[in-house]
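Subject: The structure for you to look at

Hi there,

Here is the structure I promised to pass on to you. Have a look around first, and then read on for what turned up.

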Amino acid sequence: MPIKTSRSAFNGRYLATATLAVLMAACADTPIQKAHAESPVKTPAPSSSPSIPIAQPPEPVAQEQTFNQWKQQFRKEAITSGINEALFDRAFAEVVPDPGILRADSSQPEFTRPVWEYLDGALSSTRISRAQRLLGEHASTLTAIEQAYGVDRHILVAIWGLESNFGSNMGDNYVIRALATLAHQGRRPDFAHAQLLAALEILQHGDIAPVSMLGSWAGAMGQTQFIPTTYNSHAVDFDGDNKRDIWNSSADALGSAANYLKVSNWDSGQPWGAEVALVEDFDYALADISVRKTLAEWTALGVRSAQGGPLTFADDNQTASLLLPAGYRGPAFLVLNNFRSILRYNNSTSYALAIGLLAERMQGRGEIAASWPKGDTPLARSERLELQRRLKEVGYDPGGVDGIIGANTRQALRNFQIALGLPADGYPSKSLLEKLRTFQ
């Protein structure tokens, strides 16, 4: 779901499903801008799609304007920017704030699913079977899209499946009403304001009628869940009917996703990454998306294929990062440039991992060899806040106490782990929180 903000500060996708503490911060221009920080996104609900940014927005400020006052001011701005008066009035007819949108915007889920549970849902046998069937049904369209954009069809169908359950769950919120509610009273009014203007431009272009412009509570739209600004810059008319219709045309939706990935530096013919095995004394501090090394360098550090053999990628000169989605006790993955392109679509490492693995499962591959630490439970939001607070109290600056486990918090955790002689994987666990509670 592309959201443009980045896979996200509404984050969202402001996925209404919260973030796994270990995930990274949102990208700045994601097709979908999700709201799930780094954690498994709830699939396949569009509210969990890339449509809102990940950073914690500020608390809402008291509104000095009524909604009608705000609407009149916004109307003047929209008309000045080129929106037709009659179109504006038709789009805003009977639009009033939606309390449900505000509840979704302000929700702070206390508990999150562990990555393995997220992947179980994302990689269900039902989803894989349907994806394989759709690969056959849309083979000619997917071939044309691959030729035009160089993006692998399996990746595109995986995105289609996770973003909207192959077009069956695109959201039923009237996008103009949802974004107007958020622009007037939401946590990120400036972001919603820009999306609302972009949505009106879409209507003025004639790609969709106002009544049919439906999407998630955060404004992500269509089968591939684009936010309006991403739609305006990257949606394409792939079926040739002179409309960019990502709601009703799977060709347009898949072509638009491919176009977005292409401009997000997709490497044609290259994999997203692969599961790997690490030597016993591996330096887990290197397991961070910000650390890039060539495959030769990772090999020299003892990284092997999941089966124990040498790394085998098409281009040995590519740089890769090591990902430990459940800490050093779980599976390890080397992720390449195309993984980062998927992150531009939805800035959740769990989401990007699910896309890569789902694409492989369609081809009879993608089984994970290592075991997940299923005895672990992800930290609740209150525990993540406590973790950051205690890190700060003992001199390891997490960069803020917001419940989001970003790069600064992971580095603070690593420094604390090093001080205790523990594997420095930067993974926030209950056992580590317990050690912080008793640390002197």
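This is a predicted model: local features need pLDDT of at least 70, side-chain atom pairs count only at pLDDT 80 or more; totals for chains, interfaces and linings use all residues.

**The chain as a whole**

Of the 440 residues in the chain, 57% are buried. The secondary structure comes to 17 helices and seven strands. The accessible surface is about 17000 Å², and carbon and sulfur atoms account for 48% of that.

**A helix with a buried side**

Next, find α3, which spans residues 99-106. Three of its residues, I101, A104 and D105, are buried. They lie on the same side of α3, because the arc they cover around the axis is only 100 degrees. At the N-terminal end, α3 is capped by D98, with a side-chain oxygen 2.8 Å from the backbone nitrogen of G100.

In soluble globular proteins, nonpolar side chains tend to be buried together. Here the largest nonpolar core has 87 residues, and those touching the most other members are F74, F92, L119, I176, L200, M213 and F339. Helix α14 (residues 349-361) gives this core its largest share, eight residues. Another core, of 16 residues, lies apart from it and includes F282, Y284, V303 and A320.

Leaving aside neighbours within four places in sequence, I176 is in contact with A91, F92, V95, L196, A199, L200, L203 and M213.

**The five-stranded sheet**

Now for the strands. Five of them form an open sheet with antiparallel pairing, in the order β4-β6-β7-β3-β5. Which strands stand at the edges? They are β4 (293-294) and β5 (304-305), each with a single partner strand, so one side of each has no neighbour in the sheet.

Further in, β6 (residues 319-323) pairs with β7 (residues 332-335) in the antiparallel sense over three bridges.

Are the faces of β7 covered or open? Both are covered: A332 and L334 are buried on one side, and F333 and V335 are buried on the other. As a rule, in a regular strand the side chains alternate between the two faces of the sheet.

S305 sits in strand β5 and is buried, with a relative accessible area of 14%. Sequence neighbours up to four places away aside, S305 touches E275, V276, A277, P310 and L311. From S305 to E275 the separation is 30 residues in sequence, but 6.8 Å in space, C-alpha to C-alpha.

D288 is in the loop between β3 (273-277) and β4. Its relative accessible area is 7%, so D288 is buried. The side chains of D288 and S290 are joined by a polar contact of 2.6 Å. Not counting residues up to four places away in sequence, D288 touches S321, L322, R410 and R414.

**Two positive phi angles**

Most residues other than glycine have a negative phi. Q225 has a positive value, with phi near 50 degrees, and lies in the loop between β2 (214-215) and α10. N265 also has a positive value, with phi near 70 degrees, and lies in the loop between α11 and β3. Which of these two is buried and which is exposed? Q225 is buried, with a relative accessible area of 0%, whereas N265 counts as exposed at 55% relative accessibility.

Enjoy exploring!

Best wishes

Key
Residues are numbered from 1 along each chain as its sequence is written. Side-chain values use heavy atoms; hydrogens and water are left out. Buried means under 20% relative accessible area, exposed over 50%, partly exposed in between (1.4 Å probe, protein chains only). Helices (H or I, at least four residues) and strands (E, at least two) are DSSP runs, numbered from the N terminus. The arc is that of the directions from the helix axis to the C-beta atoms. A polar contact is a pair of N or O atoms within 3.5 Å; within protein, one must be able to donate a hydrogen and the other to accept it, and residues adjacent in sequence count only if both atoms are side-chain atoms. Accessible areas come from the Shrake-Rupley method with a 1.4 Å probe; for residues, only the protein chains shown count as cover. A nonpolar core is a set of buried Ala, Val, Leu, Ile, Met, Phe, Trp, Tyr and Cys residues joined through side-chain atoms within 4.5 Å. Contact means heavy atoms within 4.5 Å. Two strands pair if DSSP finds at least two bridges between them.
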